[in-house]
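Please keep the sequence and the coordinates open while reading, as the points below are grouped by topic.

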Amino acid sequence: GEVLKTLNKFYKRKEIQRLGAENGLDARLFHQAFISFRKYIMESSSVSADLHIILNDICCGAGKFALLGHVDDLFPFFLRHAKQIFPMLDCMDDLRKISDLRLPPNWYPDARAIQRKIIFHAGPTNSGKTYHAIQRFLSAKSGIYCGPLKLLAHEIFQKSNDASVPCDLVTGEERVFANEDARQASHVACTIEMCSTNTPYEVAVIDEIQMIRDPARGWAWTRALLGLCAEEIHVCGEPAAIDLVTELMYTTGEEVEVRNYKRLTPLTVLDYALESLDNLRPGDCIVCFSKNDIYSVSRQIEARGLECAVIYGSLPPGTKLEQAKKFNDPDDPCKILVATDAIGMGLNLSIRRIIFNSIVKPTVNEKGEKEIDSITTSQALQIAGRAGRFGSSFQQGEVTTMHRDDLVQLKEILSEAVPPVKAAGLHPTPEQIEMFAYHLPDATLSNLIDIFVSLSQVDGMYFVCNIDDFKFLADMIQHIPLNLRSRYVFCTAPLNRKEPFVCTTLLKFARQFSRNEPLTFDWLCRHTKWPLAAPKNIKELVHLEAVHDVFDLYLWLSYRFMDMFPDADLVRDIQKKLDDIIQIGVCNITKLIRASQSAAAPGTAEAVSEDFPLPRTPKDARVVSERGAASPEALSVAVEAAGLRRARSLRPSRLGRQEDVKSYGRGSLANRLLREGLLTQEMLRQLESEWQDQHRSDRHGFGSKRDDQHGSKETRKKRK
């Protein structure tokens, strides 16, 4: 007991905490080191002799007759123990220098060696800002276009070559040369992560600059803005980014010329909501924020005898383009589009009216935490601005909501000013991580990243991007013997960690790579069971999308490890065939939904409501997910729908609707019990039957908690 008191006294002393900080132990590390040190002293049977003597002297000195030792004398032993569990303490000064991110402009000496001219083209969607930047790109002797999406890079690639300006295409998965002899052209269109900071250009275009604040990808815009070696840098995006870009360029000694643009066609926020799918008109686009809503809405539209195109994020680029072409074609009977916010960038669509099916969206914040919140002003403007595109069949755009009580909030969101972009993203480079590994050879890559972020220093204009996906992959392949540079490359692979099949494939890729066995076309065909048939239900469609992502992953790795992934051309050929198969599935999506529901609940009636105005989107989602809760895709849909229900249940205008609230609660509990294995489909049907019987016999309904409790007692009596 005396030893424990002594240790706690040691921990609480301000002088000891100050000494710890001077030796690299911040509050978190100091606490962790002390817990370990205390456990070592209290539980170890072999405490070193010198530490045993010091403890004895301190404890004896606490008596009345002697002062043999002081609690501060424990610090050298504490620090020695801390260095054993935190090896970086021995080289803390070096590590702090490596992780000092306060002067990112200095990372690009080639760009600093020239005086660049920065032109900021600022304006809303459909204002012509990117058009003017691209015109300068086409007239230059050499140029580079950097966009956020493969679709955008491909569009500029085609426009440039159509204008007789030879232009190459560079994305993570693809290299296309304009010249037949594979000689590099003077112009290149690329995804922003792929831009070269060493090649000189006359003109560079950086599109969607506001994405410099993106928690995951913002570092790529920062790198392009600070590092591109071009005489002119044309930056396109929201006016909200002007101040930050100006401040960043001030640190490089470069001035920013701002050119403001206004929207080319009028955009009107309507005073009425759609309220029913019966009110749809040609040129309408319903925007949803989940696949489940896409499935539900598209089925209800086709049940009314209308044909609709479908676009969502996980579809292959080719399928998105085909669906967009189908919707835009005036001779095609398809006049309605159902889409996620994937339409906000990269697709030219002839939309007359944008209809928000919901105004809440699942997001990931800067800490990597999932949140469900109302869409931001920036997101709302980006999506709404797709209506009435200049040069399309509709020269005036309209925007509204599906539900009446969402419209007031949408108007508030659209009327607010877009908050200024305050910081630019940064990401540790492979070279920095290698230097960390030199000092900490026994640390895992995930630990190296953690230590780097904890020690990194940034000024107010920057932040370190979220690295959860990187760490997830690092932990997943940690047991596989790879050199650090190869491990880093595998961990930066662009994949969705929510897709088990893709993650499993990456693991197999890494394992075979570590054995120095090439990943051949035959191996990939066996793994993916190619050739694949057209999907018969939604589950099969989702799997085909995952296989397409696997082919993307192979192609991405083939440009980094050509010898180990040698069959890129063959894989690209079958990927195009797979794209055609997925297009067939998307064109028949309502048939797939019906097949999924009937397969998930044989013998039960299909119950997708035709009365769209009353049930909210989550309620429609509940119908699909309850019927198909035994299937993985239905369970994931149920989780998403449950989150949306929770977000919406907080809104006072919807709390008053008892029928909706009852439905949401019932669906959420049912799906949770199904996921946890506490409820089967048969039990669910039995409970539903009992609930309906009880509802008929209950004179007072379910209007109060007392009645609910009474009903529960009656049910228990029946069971007895």
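In this predicted model, one aromatic cluster is formed by Phe10, Tyr11, Phe30, Phe34, Phe37, Phe75 and Phe78. A search of the whole structure finds 18 aromatic pairs.

**Aromatic pairs and charges over rings**

- Because phenylalanine 509 belongs to helix H20 (residues 500-514) and tryptophan 523 to helix H21 (residues 521-528), their pair ties together parts that are 14 residues apart in sequence; both residues are buried.
- Arginine 175 places its charged end over the ring of tyrosine 559, at 4.3 Å from the ring centre.
- Arginine 560 has its charged end over the ring of tryptophan 556, and here the distance from the ring centre is 3.8 Å.

**The loops on either side of H21**

- Asparagine 516 is located in the loop between H20 and H21, and its phi is near 60°, which is a positive value in a residue other than glycine.
- With a relative accessible area of 59%, asparagine 516 is exposed.
- In the loop between H21 and H22 lies lysine 529, which is not a glycine and yet has a positive phi of about 60°.
- Lysine 529 is exposed as well, its relative accessible area being 63%.
- The loop between H21 and H22 also holds proline 531, and the peptide bond that joins tryptophan 530 to proline 531 is cis, with omega at about 5°.

**Helix H22**

- Helix H22 covers residues 538-558, and its 21 residues reach 30 Å from the first C-alpha to the last, which is close to the 30 Å expected at 1.5 Å a residue.
- Of the 21 residues of H22, 16 are buried, so the helix is largely enclosed by the rest of the structure.
- At the start of H22, asparagine 537 contributes a side-chain oxygen that reaches to within 3.2 Å of the backbone nitrogen of lysine 539.

**Helix H19**

- Helix H19 (residues 484-491) is mostly covered, with six of its eight residues buried; the buried residues are Ser486, Arg487, Tyr488, Val489, Phe490 and Cys491.
- The packing partners of the buried residues of H19 are helix H16 (430-439), helix H17 (445-455), helix H18 (468-476), H20 and H22.
- The N-terminal end of H19 is capped by asparagine 483, a side-chain oxygen of which lies 3.3 Å from the backbone nitrogen of arginine 485.

**Helix H10**

- Helix H10 (residues 218-227) has eight of its ten residues buried, so it is largely enclosed by the rest of the structure.
- The buried residues in H10 are Gly218, Ala220, Trp221, Thr222, Ala224, Leu225, Leu226 and Gly227.
- The elements that cover these residues of H10 include helix H7 (109-112), strand E6 (200-206) and strand E7 (229-237), together with helix H11 (242-252), strand E17 (424-426) and strand E18 (462-464).

**The chain as a whole**

- The chain contains 30 helices and 18 strands, and 51% of its 720 residues count as buried.
- When contacts in the chain between residues at least 6 apart in sequence are considered, 74% of them join residues at least 24 apart.
- The accessible surface of the chain comes to about 34,000 Å², and carbon and sulfur atoms account for 53% of that surface.

Key:
Residues numbered from 1 in each chain as written. Predicted model: local features only at pLDDT ≥ 70, side-chain atom pairs only at ≥ 80, totals over all residues. Heavy atoms only, no water. Phe/Tyr/Trp six-rings, centres within 6.5 Å; stacked < 30°, edge-to-face > 60°. Helix = DSSP H or I, 4+ residues; strand = E, 2+ residues; numbered from the N terminus. Buried < 20%, exposed > 50% of the residue type's maximum accessible area, 1.4 Å probe, protein only. Lys NZ or Arg CZ within 6 Å of the ring centre and 35° of its normal. Expected span 1.5 Å × (residues − 1). Polar contact = N/O pair within 3.5 Å; in protein donor to acceptor, adjacent residues only side chain to side chain. Contact = heavy atoms within 4.5 Å. Areas by Shrake-Rupley, 256 points an atom, 1.4 Å probe, with all protein chains shown as cover.
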